[in-house]
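Hi,

Here is the structure I promised to pass on. Have a look at it first, and then read on for what turned up in it.

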Amino acid sequence: MNAKNQSEVVPDAIEFEYDLAEPPEKVWRALTVPELLAAWMMPNDIRPQAGSRFAFAGTEAAIECEILEAEPERLLRFSWREQPGDAARQDPLDSVVTFTLARTISGGTHLRIVHDGFARKAMPAVAVAGAGCRLSLGLRGAGKPIAANTPCLLLRAA
């Protein structure tokens, strides 16, 4: 991924950026080992290989995913498609999640999470997602934005 692509955000994406003390190797494991990923997201059967399919056991229905790109300790991108159990719901969330990892000068990890195609359909859930990510990654604290692009999302939602 080049610098230009990394700075571009799709209009209906939410993005989070964190500086973590843990090295990219450890963060990569948290994203790609099923048991570790389940500890902060949902039960899953992820295999970090391009083309592999996996699922998250969502609270209401399964979320089907496919690994689109996997560069160990650098980049993980997968499709995210909800499979609603409610037949009346005609418009399931079909999106892409990207985790970009970069080693910091101190040996930690700069983690950028972008969920494309999420904001317009799930704007009410942005606050919940932001709180969950912050708590899961141990980044509690006043004054932290819900998402790095929250002002943009709020303007688009109005």
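Let's start inside: the largest nonpolar core has 25 residues, and Phe56, Leu76, Phe78, Trp80 and Phe99 touch the most other members. (A nonpolar core here is a set of buried Ala, Val, Leu, Ile, Met, Phe, Trp, Tyr and Cys residues joined through side-chain atoms within 4.5 Å; buried means under 20% relative accessible area, exposed over 50%, partly exposed in between, with a 1.4 Å probe and protein chains only.) Two or more residues each come from strand 1 (14–20), helix 2 (24–32), helix 3 (34–40), strand 2 (53–56), strand 3 (63–71), strand 4 (75–82), strand 5 (94–103) and strand 6 (109–116). Strand 1 gives the largest share, four residues. Helices (H or I, at least four residues) and strands (E, at least two) are DSSP runs numbered from the N terminus.

Before going further, the ground rules: this is a predicted model, where local features need pLDDT of at least 70 and side-chain atom pairs count only at pLDDT 80 or more, while totals for chains, interfaces and linings use all residues. Residues are numbered from 1 along each chain as its sequence is written, and side-chain values use heavy atoms, with hydrogens and water left out.

On the fold, the protein chain has six helices and six strands, in the pattern α-β-α-α-β-β-β-β-β-α-α-α. The six strands make an open sheet with antiparallel pairing in the order 1-6-5-4-3-2; two strands pair if DSSP finds at least two bridges between them. Strand 1 and strand 2 are the edges, each pairing on one side only. Strand 3 and strand 4 run antiparallel, joined by eight bridges, and Glu64 has Arg81 in strand 4 as its bridge partner.

Trp80 is worth a click: leaving out residues up to four places away in sequence, its contacts (heavy atoms within 4.5 Å) include Met41, Met42, Phe56, Ile63 and His115.

Then there is Asn44, in the loop between helix 3 and strand 2. Asn44 counts as buried because its relative accessibility is 16%. Its side chain reaches the backbone oxygen of Pro34 at 3.2 Å, and a polar atom of that side chain lies 3.1 Å from the backbone nitrogen of Ile46. Beyond its neighbours within four places in sequence, Asn44 is in contact with Pro34, Leu37, Ala38, Ala55 and Phe56.

Finally, for the whole protein chain, buried residues make up 38% of the 158 residues.

Cheers

Conventions
Polar contact = N/O pair within 3.5 Å; in protein donor to acceptor, adjacent residues only side chain to side chain.
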